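Subject: Structure for your review

Dear colleague,

Please find below the structure that I am handing over to you. My findings follow it.

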Amino acid sequence: MPEWIVIFYPINFLSAYVLYIFLYNRRKRIGYHLGMNITMVTSGGLALGTGIIFINLYPFYFLEATLFSVIIGCLSGILFGSLFDYQTLLTGFITGLMMGIMAPMVGAAALEGVMFLIMIEVFIISCFCLAASSAYKT
């Protein structure tokens, strides 16, 4: 596996940070259902990206990859869910937990799949852009 895929970590976290700042300024105008969808997209996307990248970089560290992606997913679910209300926070936490558990399994099944990883990253970034555009239109 090429070592240049580490660059996807800062790309994921930078795009999530930009989305968080954008949503923080608009959080009062965003409804309950849209807030829950945005929280689920961000926590699931960050957990999925983190788990797949980590398991591709270190293929024999299954436990560490799972724990790392679960922690990232749960923290992002809590951060984005706290923008809206407690039920959204709980939904984001659970989504990050489940995606964090499943992401290393997906990454191990697609071992040495650089094109798969690039496709997942494009999917995550496009989901973040879609969440930002839907929040802009509200």
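The largest pocket has a volume of about 160 Å³. A pocket here is an open set of points on a 1 Å grid over the protein atoms alone, where a 1.4 Å probe fits, with protein on both sides within 12 Å along at least five of seven lines; lining residues have an atom within 4 Å of a point. The volume is the space filled by probe spheres set on the points.

This is a predicted model, in which local features need pLDDT of at least 70 and side-chain atom pairs count only at pLDDT 80 or more, while totals for chains, interfaces and linings use all residues. Residues are numbered from 1 along each chain as its sequence is written, and side-chain values use heavy atoms, without hydrogens and water.

Among the residues that line this largest pocket are Phe13, Tyr17, Leu46, Ser76 and Phe80. Helix 3 contributes the most to the lining, with five residues. By type, the lining comprises nine nonpolar residues, one polar and no charged. Helices are DSSP runs (H or I, at least four residues), numbered from the N terminus.

Leu23 is located in helix 1. Leu23 counts as buried because its relative accessibility is 0% (buried means under 20%, exposed over 50%, partly exposed in between, with a 1.4 Å probe and protein chains only). The C-alpha atoms of Leu23 and Leu83 are 8.0 Å apart, although 60 residues separate them along the chain.

Ile101 belongs to helix 4 (residues 86–109). With 37% relative accessibility, Ile101 counts as partly exposed.

Kind regards

Notes: Helix = DSSP H or I, 4+ residues; strand = E, 2+ residues; numbered from the N terminus. Nonpolar A, V, L, I, M, F, W, Y, C, P; charged D, E, K, R; others polar.
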